[in-house]
Amino acid sequence: MKRRAFLASFAAAAALPRASWADAGSPAYLAAAKEVSGDYSLSGISRAGERLFSLPLPSRGHAATAHPTRPEAVAFARRPGTFALVIDCATGVTTARLTPPEGRQFNGHGAYSADGATLYTSEVVAEGSEGRIGLWDAARGYQRIGEFASNGIGPHEIRRLPGSDDLVVANGGIQTDPSDRTPLNLDTMRPNLSYLSPEGAVLEVVDLPELWQNSIRHLALRSDGQVAFAMQWQGDLAEPVPLLGLHRRGGDVTLAEPVEAEMFAMKGYAGSVAYTQDGQQVAITSPKGGRIQAFSATGVPLWSLARADVCGLGPCAEGGFVATDGQGLVARVIDGRLEPLSSARVSWDNHLVALG
């Protein structure tokens with residue numbers, strides 16, 4: 001009798017509808033922000049640019065990663081940070097707070113496995129900035145279950161490749177002082193793009209020996225596996241270099257160079273990178289230069305747009321991109337034209353994370 005009752009209760013629980021992103025208002029994007037009050041938050045933004053929810057963060061956030069099915073996000077502290085909050089975006093409840101092992105720091109980004117059971121986090125050993133990828137059991141309370149090397153110094157963004165559980169990691173190459181982020185190795189830094197298996201095996205490595213001071217920071221993925229990587233130049237700003245690279249496993253790197261008149265516009269700094277939804281265009285932003293530059297998927301320059309303090313960037317379902325800036329604007333950007341969607345009394349932070 002007890003067994004029948006257990007099976008009945010199990011079947012009843014299984015029949016209950018599971019929460020989805022629809023329960024959080026079906027956001028199209030996640031973004032961290034600073035409120036006019038000075039407090040920090042994580043927001044869900046609709047396709048139309050509306051702010052669907054705003055959830056408090058204990059300090060400045062950098063980026064978030066969204067669970068593939070549950071209305072759940074992990075918000076990471078501005079790097080280097082020691083917190084990552086797991087937030088139920090439907091209820092606003094923080095369900096877990098992740099803390100890296102002693103002597104480690106989170107580095108602003110994470111990614112889920114395809115089934116959502118494992119969270120991967122980019123981390124550094126505070127002394128020396130050696131990279132680690134932390135593994136957390138997202139199916140059982142986010143317990144830490146392991147780690148492996150990132151295959152470089154200072155890993156920043158980490159993404160899962162489409163159609164697999166392999167990972168691509170942007171190893172920025174910069175060793176920093178753990179207390180104030182002062183760069184310590186600009187004369188010897190060696191950034192790389194590393195492809196890793198879910199167990200940490202190195203599958204492929206891409207480096208740029210001629211541009212070894214170009215720190216690889218952020219990533220965007222096309223559905224066919226092409227990776228776009230945004231870089232931040234640590235060399236002489238009087239020598240402008242490409243800030244966008246394109247790569248597909250097994251192939252050569254394409255460096256996307258803007259037209260000559262745009263060479264200095266980004267001021268050596270690419271903040272975010274995104275593909276359009278159809279994958280035909282890819283763009284990078286610079287809050288330092290107040291610029292968006294767009295290229296074809298083969299690296300041909302297409303257009304640019306001036307916008308002060310612009311940084312967040314994602315695909316727009318209606319075509320083109322959606323961008324955010326430090327003045328609270330959410331706008332559609334298509335073929336170099338900016339079309340405002342909404343404006344809020346916030347300062348949007350660096351990244352606009354697209355769901356789905």
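**Notes on the predicted model**

1. In this predicted model, R104 and E147 form a salt bridge whose closest N and O atoms are 2.8 Å apart. The two residues bring together distant parts of the chain, 43 residues apart: R104 belongs to strand β8 and E147 to strand β11 (residues 143-153). R104 counts as buried because its relative accessibility, 16%, is under the 20% limit. E147, at 34%, is partly exposed.

2. A second salt bridge links D224 with R248, with 2.7 Å between the closest N and O atoms. This pair also connects distant parts of the chain, 24 residues apart: D224 sits in the loop between β16 (214-221) and β17 (227-233), and R248 in the loop between β18 (244-247) and β19. D224 has a relative accessible area of 39% and is partly exposed; R248 is likewise partly exposed, at 35%. Elsewhere, salt bridges with shared partners join R104, E123, E130, R132, R144 and E147 into one network.

3. E72 and R70 form a further salt bridge, the closest N and O atoms lying 2.7 Å apart. E72 is buried, with a relative accessible area of 10%, whereas R70 is partly exposed at 28%. The count of salt bridges in the model comes to 20.

4. H109 is found in strand β8 (residues 104-112). Its relative accessible area is 4%, so H109 is classed as buried. The side chain of H109 makes polar contacts with the side chains of H62, at 3.2 Å, and H218, at 3.3 Å. Beyond four places in sequence, the residues touched by H109 include H62, F76, H156, E157, H218 and H351.

5. An open sheet is formed by four strands in the order β24-β25-β26-β27, with antiparallel pairing. Strands β24 (310-315) and β27 (337-343) are at the edges; each has a single partner strand, so one side of each lacks a neighbour in the sheet. On average, neighbouring strands here are turned by 30° against each other, direction ignored. The antiparallel pairing of β24 with β25 (residues 321-325) runs over five bridges, and P315 stands opposite F321 in β25.

6. T254 lies in strand β19 (residues 254-256) and is partly exposed, with a relative accessible area of 31%. Apart from neighbours within four places in sequence, T254 contacts L244, G245, L246, T298 and G299. The C-alpha atoms of T254 and P191 are 16 Å apart, with a separation of 63 residues along the chain.

Methods: Residues are numbered from 1 along each chain as its sequence is written. This is a predicted model: local features need pLDDT of at least 70, side-chain atom pairs count only at pLDDT 80 or more; totals for chains, interfaces and linings use all residues. Side-chain values use heavy atoms; hydrogens and water are left out. Buried means under 20% relative accessible area, exposed over 50%, partly exposed in between (1.4 Å probe, protein chains only). Contact means heavy atoms within 4.5 Å. Two strands pair if DSSP finds at least two bridges between them. Axes are lines fitted to C-alpha atoms, for helices over the stretch in contact, and angles run from 0 to 180 degrees between N-to-C directions. A polar contact is a pair of N or O atoms within 3.5 Å; within protein, one must be able to donate a hydrogen and the other to accept it, and residues adjacent in sequence count only if both atoms are side-chain atoms. A salt bridge is a side-chain nitrogen of Lys or Arg within 4 Å of a carboxyl oxygen of Asp or Glu.
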